[in-house]
Amino acid sequence: MRITKAIKQEMLALLEQYYRDTTTALNYSTAFELLIAVVLSAQCTDIRVNIITARMFPRYNTPEKILELGQDGLEAAIKDCGLFRSKAKNILATCEILCREYGGQVPEKFEDLLKLPGVGRKTANVVISQLFGVPAIAVDTHVFRVANRLKLAMGDTPLAVEQGLMRAIPKEKWGDAHHWLIWHGRKVCKAAKPLCRDCFLQHLCPSSNAK
């Protein structure tokens, strides 16, 4: 099945129709809280991250306060998160940089965010899009999977998929489309058992097993 530009536009229109009002599932109230939550979300579900941050943020929600915890204290605070030791190390290093170079604030520039330990393209794109309204597409495992299955953007790496989606989606909708793809991956286009027969895109999807 050849996926034309017109088919991609139809897919995107349907995704927008179904997921128009969706946003991040991570709970946060400040820029710093979102940054930490996204760092914690690597190889960890948003549900688990929200449990951890609900426990941690009431007391430790600034770079200065997290630095007071130290490595052992932060590890204990996030121990039920995957890769908690390396995440604790990166978060503490990030907090040191934020305090030293940015007055404790989260930088707004993509390039500056990438310099923070534990912050890759996905995290930086989430932050600039969610917090600062900069058009960006963050490619997590859901976005990567759904984009490839639909052939909206195909690639062997998150960067290749990100670049393909940037070509397929109007720039003013990049930030919103990121959420459409995430929620479709969570609710319908699941990793192990996609719900193709229940999918509103199955008549357009080249990977559908409902045909």
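Buried means under 20% relative accessible area, exposed over 50%, and partly exposed in between (1.4 Å probe, protein chains only). The model is predicted: local features need pLDDT of at least 70, side-chain atom pairs count only at pLDDT 80 or more, and totals for chains, interfaces and linings use all residues. Residues are numbered from 1 along each chain as its sequence is written, and side-chain values use heavy atoms, with hydrogens and water left out.

**View A. Phenylalanine 200 and tyrosine 18 form a stacked aromatic pair.** Ring centres lie 3.7 Å apart, with 5° between the planes. Rings of Phe, Tyr and Trp (its six-membered ring) pair if their centres lie within 6.5 Å; planes under 30 degrees apart count as stacked, over 60 as edge-to-face and the rest as tilted. Phenylalanine 200 has 13% relative accessibility and therefore counts as buried. Tyrosine 18, at 48%, counts as partly exposed.

**View B. Tyrosine 19 and phenylalanine 200 form a tilted pair.** The centres are 5.9 Å apart and the planes 50°. Both tyrosine 19 and phenylalanine 200 are buried. Tyr18, Tyr19 and Phe200 form one aromatic cluster.

**View C. Helices α2 (residues 31–40) and α7 (residues 121–132) pack at about 150°.** Helices are DSSP runs (H or I, at least four residues), numbered from the N terminus. Their axes, lines fitted to C-alpha atoms over the stretch in contact, are 10 Å apart. Angles run from 0 to 180 degrees between N-to-C directions. The two helices are roughly antiparallel (over 145 degrees). Contact (heavy atoms within 4.5 Å) involves residues including Leu34 and Val38 of α2 and Val126 and Leu131 of α7.

Conventions: Angles under 35 degrees count as roughly parallel, over 145 as roughly antiparallel, 65 to 115 as roughly perpendicular and the rest as oblique.
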